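Please consider the following points on the structure shown below.

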Amino acid sequence: MNLERNYYEIYGTNDITKYRFSQLMSIIEQAKKSRPASLKKLDSEGNDWYKSEKLVGMMLYVDRFSENLFEFENKIDYLAELGVTYVHFMPLLKSREGNNDGGYAVSDYLMVDDKFGTMKQLERVISLLKKKGIRTCIDFVLNHTAKEHIWAKKCLEGDPDYNDMYIMYDDDTIPKEYEKTLTQIFPGVAPGNFTYYPDINKYVMTRFYEFQWDLNYRNPQVFNKIVEVLLTLANKGVDIFRLDAIPYMWKELGTISMNHPNVHKLISMMYEIAQEVCPSVIFLGEAIVEPFEIVKYFGTEERKECNVMYNASLMVLLWNSLASRDVRLMARSMSKDYGVPDDGLWINYARCHDDIGWGFETDILRDMGLDPEMHKQFMIQFMEGKFPGSFSIGELYEFNPVTKDARNSGTLASMCGLEQALNEKHMYKLELAVKRILLLHSIVISYTGIPLLYSGDEIGQLNDWNYKEVSEHASDSRWLHRGKMNWKKAENRNNLATTEGQIFTKIKNMIEIRKSNELFSAKYKSIPVDTGNNAVFCFHKENKMLVLANFSEHEQWVDSKAFDWFGLPGEMHDLITGRPIRSYNNNIQLGPYEYLWLV
Ligand code: GLC
């Protein structure tokens, strides 16, 4: 078994590890025994379901979406109406009082936070969703816990079983050494990677917020405890675990302590255990790092890790294409072979609960004659709405006044120009904003991978400026795009005379088309094509389908000779509108922000 080998490789073979390994074995046995029969039935079909064209996700905060889990039950039909087949509940396990980083500071993994409901209710919701063919994804925050977590308390009380579960020192010698090479995650709101607590006289590693204490995976007990939690939650019916912030799990003095080889071992051990106990479950890894590092989290044939990873690059490149009206960077970056294994799949998304950081392939930028730093500044200012002519309204996130570096916050609709158009009561701008919103979704829904929508985007929800009135949120601009679901507006969703209606019905339609055509499954890879027109993104799916997407507000012509092999000109038609697409003098015309799914 790889598991045993990896375990001893990481932890050594002393008596303590042997004891811990035997404990791990009983945790696994126990979980197998208590796995409900209904879930075992699902298990018998394995976990290939994630490759289906039918999988379409929505991520949401329970309180922002429906107040609580009880009310959520009444909203399941809404999700089904849109065509959603998996729901990602943003952190809903018990988290600390006050600021808890949107729930990412868990104080009890086995309890649902009171403000959402109870574990019993969650189980009920999971089974109601299953009946509607909707799978459940939850966040599994495994790099850190809240400092109030019982493990932290027991550790401080000196309980030997909880000894060393966190990373703490009596003086700052080692912390200072660490700081020499560690990067800063929240340099503005939570600078540094250690916090000194006078009451316990300890320096504790806190890479994220001060109240998020990093777990010490050098201690096999941490791994065991986390596995126990994972299996307990899996047995409640969770189908997808979103493994939060995995690159940070292993710390090594003198390094940046990201993407360490041991992280890969830890994840592959977890995967092996899940396969043993709950083989229908999949892992979705969150690693917002360079693409060549991201793909490593898919693991290898012998040592699988995550089934699905976030396609952060595509997300960033979509915004880049919109702002610059130039798709070359996207097309070239997406054409690069980073070595995604055959069964590894991306989650494609345009917006999520986090900020957008501008990590680009600088070589490609330079090749295009652009200065990477200047280009990044252009994106930062454009998305904030400061660049002349920008349609976006957003805010900066973690702005560094010295380097002028920043990331950006804002909702999809506001950054697509809807807020500006409404402020200015500008009909034409409004039309363009809606087109941009749909354009982004058209790529997310058609590109190979699993589309993930961010709740509210399906009705074009705007920035929530009220976050500044909430003291725990005011200093974190990510709350700008975490507003409450506007159910009043959602009532317009089938009224085509409204913006909400135009957005919702078209997204719904694209989802429907996707779900009824195997070309959207994982089997068919998307391959970008250079059409010679810099404003038009084009990709084909193994010559069976061609997507064209105009990222500019101007009409564009595409030379159909660029994809001659495809059988053009002639008999193509657009899957979305059903209309035949003709080429005139070997050219295909695309209106402002128009997209075509051609077969
Ligand atoms: C992930 C989450 C982010 C959170 C961080 C710490 O990156 O997406 O919202 O702040 O982890 O848990």
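1. E286 sits in the loop that joins β12 (282-285) to α12 (291-294); helices (H or I, at least four residues) and strands (E, at least two) are DSSP runs, numbered from the N terminus. The model is a predicted one, in which local features need pLDDT of at least 70 and side-chain atom pairs count only at pLDDT 80 or more, while totals for chains, interfaces and linings use all residues. Residues are numbered from 1 along each chain as its sequence is written, and side-chain values use heavy atoms, with hydrogens and water left out.

2. Is E286 buried or exposed? With a relative accessible area of 11%, E286 is buried (under 20% relative accessible area, with a 1.4 Å probe and protein chains only). Neighbours within four places in sequence left aside, E286 is in contact (heavy atoms within 4.5 Å) with R242, L243, D244, A245, I246, P247, Y310 and D354. A polar atom of the E286 side chain lies 2.8 Å from the backbone nitrogen of A245.

3. E286 is also one of the residues around the ligand, where a residue counts if one of its heavy atoms lies within 4 Å.

4. A polar side-chain atom of D244 lies 2.9 Å from an oxygen atom of the ligand, and for D354 the corresponding distance is 2.5 Å. The ligand on its own has 310 Å² of accessible area (Shrake-Rupley method, 1.4 Å probe), of which the protein covers 94%.

5. In helix α8 (residues 150-157), the buried residues are W151, A152 and C155. Viewed down the axis of α8, they fall within an arc of 100°, so they line one face of the helix; the arc is that of the directions from the helix axis to the C-beta atoms. They pack against β4 (106-112), β6 (144-146), β7 (168-169), β10 (212-214) and α10 (220-234). G158, with a positive phi near 90°, follows α8.

6. Helix α14 (residues 328-335) has L329, M330, A331, S333 and M334 buried. Among the elements covering these residues are α13 (312-324), α15 (362-367), β18 (526-528) and β19 (536-541).

Key:
Polar contact = N/O pair within 3.5 Å; in protein donor to acceptor, adjacent residues only side chain to side chain. Buried < 20%, exposed > 50% of the residue type's maximum accessible area, 1.4 Å probe, protein only.
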